[in-house]
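Subject: Structure handover

Hello,

Here is the structure I promised to pass on. Please open it first, then read my notes below it.

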Amino acid sequence: MLRFAPSPTGDMHIGNLRAALLNFITAKRLQRPLMVRIEDTDTARNIPHKDQEILDLLRAMGISWDQLIYQSANLPTHLDYAQRLLEHGLAFYCHCTPEFLEDQKQRAIQEKRPFRYHDAWALLQAKSNPHPVVRLRGSMRALKFTDQIKGVISFEPHELDSFVILRANKTPTYNFACACDDFTYKISYIIRGEDHISNTPKQILIQQALAQVLGVAYTQIAYAHLPLILNHETGKKMSKRDAASSVVWLLQQGFLPQSVANYLIALGYSPPKDIFSLNESCAWFELGKLSKTNARFDLSYLRHLNHKHLANLDLQELQTLLKLNHPNKAQLARLFLEDSSTVGELQSKLEAMFSPKDIQKDYEGENFYDPCLKLYKALQTLSLAQLEDFAHFKQVAMQASQLKGKDFFKPLRILFTGQACGLELRLLYPFVRAFASEILILKDS
């Protein structure tokens, strides 16, 4: 079984979504079940309804799962496992205060040696600190595992000292809860970001200890740690400060779920074609072919992909997406796709066209109020239904308004679209004729 384990503590990050997508694809290719595990044990940081937002985003991307669990429901199991480890001597109570440990760390820094917790410290402050933590006994031997992307990764003994698995308030640490659940549900393959590499040896030690006290064979989980996603411009890791790192923000900007999925699957990979669906990628994606180096998130390329995916929508899909009340408006939206890359840009152009026109404001630094008003009055005297050809309409409208050149075409574009530049008026004219009563309206002064 594979698992995707998000925390409901903030907006879903593109790195999290990338991990979810690749878990889904790998589960399909290996014909194994996929679990979604909401890691909600950090009650102080949990945000109400974020769990549902995460699930809705996964569904929007086309990701399905075989099992859904909430980690908080497994707290009794976590505590039972900790007690068993204590009873078998593989875990112990530690009364060290944070101040004592910090002092020991500073000494190690001054002496230029790696800091390692010593088990002999555990009872030194037993009388002054009645609220101990529980630590898993560390390892005196190096530990290594083979990562499916990065190859063999090793950790030295000083990196494997005894570590906390239960806090003083008896709540499990992240690594303990995570390792316990992976052990309980027999997770066999873990795909996650490389920022979790330092957690992996601790989780392996926990699972080895659990196998020992429960009398079962220990089976090594296969790990694949995904390279980081960097900001294209700064070269630094994408953080919450980068708006584009939020999946919610991307969708709000008008990027299609299928475009975002397409981009993240191709990130650091060489797909057989540029434009593809999630289901299509399940036929050819191989995790071992993913680049080992960090990838850069390029919003301009995502815009390019989004434009292509929008262009691939049929008229019915486009009408539904934009919530349009007439199929001809979907055809108009398709025209606007020529210079639009997102749903938001399409909606903005359509809204400008079908909203009352403000002829009093400046367009590109100029004011066209007088010719706009003159042309508008002239158009009210014409029957556009009888003027099918744009060339004929133009000739008649010029005569009726006594305008020509820039004084005719700029006001005409403003009255047609609410903008000073854009598509050829010849292409827009059939739609203006069809919806003249909705388009040729002036904003009240």
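The largest pocket has 48 lining residues. Ala5, Ser7, Thr9, Asn16 and His196 are the ones that lie nearest its centre. Keep in mind throughout that this is a predicted model. The volume of this largest pocket is about 1,400 Å³.

Which elements build its lining? Strand S1 (2–4), helix H1 (14–30) and strand S9 (189–193) each bring at least two residues to the largest pocket. H1 gives the most, with five residues. By type, the lining of the largest pocket splits into 17 nonpolar, 19 polar and 12 charged residues.

Next, the second largest pocket. Its volume is about 350 Å³. The lining here is made of 15 residues. Gly138, Ser139, Arg141, Leu205 and Gln208 lie nearest the centre of this second largest pocket. Strand S6 (143–147) and helix H6 (200–214) each supply at least two lining residues. H6 gives the most to this lining, again listed by element: five residues. Sorted by type, the second largest pocket is lined by seven nonpolar, five polar and three charged residues.

Rolling a probe the size of a water molecule over the atoms shows where empty space is left. How many cavities of 30 Å³ or more does the structure hold? There is one. The largest cavity contains about 50 Å³ of space. Its lining is formed by Phe336, Asp339, Lys349, Arg413, Thr417, Gln419, Cys421, Gly422, Leu423 and Leu428. Of these lining residues, four are nonpolar, three are polar and three are charged.

On to the aromatic rings. The structure has 20 aromatic pairs. One of them joins Tyr117 and Trp121, and the geometry is edge-to-face. The ring centres are 5.5 Å apart, with 85 degrees between the planes. Are these two residues buried or exposed? Tyr117 is buried, and Trp121 is buried too. Both belong to a cluster linked by ring pairs: Phe92, Phe100, Phe115, Tyr117 and Trp121.

Lys329 is worth a look on screen. This lysine lies over the face of Phe354, at 4.5 Å from the ring centre. Lys329 also lies over the face of Phe435, at 5.3 Å from that ring centre.

Last, Leu230. You will find Leu230 in strand S11, which covers residues 229–231. Why does Leu230 count as buried? Its relative accessible area is 12%, and buried means under 20%, so Leu230 falls within that class. What does Leu230 touch, once neighbours within four places in sequence are left aside? Its contacts are Gly235, Lys236, Lys237, Met238, Asn294, Ala295, Arg296 and Phe297. One spacing for your notes: Leu230 and Ser245 are 15 residues apart in sequence. In space, the two are 9.7 Å apart, C-alpha to C-alpha.

- Ala5, Ser7, Thr9, Asn16 and His196, nearest the centre of the largest pocket.
- Gly138, Ser139, Arg141, Leu205 and Gln208, nearest the centre of the second largest pocket.
- Tyr117 and Trp121, the edge-to-face pair.
- Lys329, over the faces of Phe354 and Phe435.
- Leu230, in strand S11.

Best wishes

Key
Residues numbered from 1 in each chain as written. Predicted model: local features only at pLDDT ≥ 70, side-chain atom pairs only at ≥ 80, totals over all residues. Heavy atoms only, no water. 1 Å grid on protein atoms, 1.4 Å probe; cavity = no way out; pocket = protein on both sides within 12 Å on 5 of 7 lines; lining within 4 Å. Points joined across faces, edges and corners; volume = space filled by probe spheres on them. Nonpolar A, V, L, I, M, F, W, Y, C, P; charged D, E, K, R; others polar. Helix = DSSP H or I, 4+ residues; strand = E, 2+ residues; numbered from the N terminus. Buried < 20%, exposed > 50% of the residue type's maximum accessible area, 1.4 Å probe, protein only. Contact = heavy atoms within 4.5 Å. Phe/Tyr/Trp six-rings, centres within 6.5 Å; stacked < 30°, edge-to-face > 60°. Lys NZ or Arg CZ within 6 Å of the ring centre and 35° of its normal.
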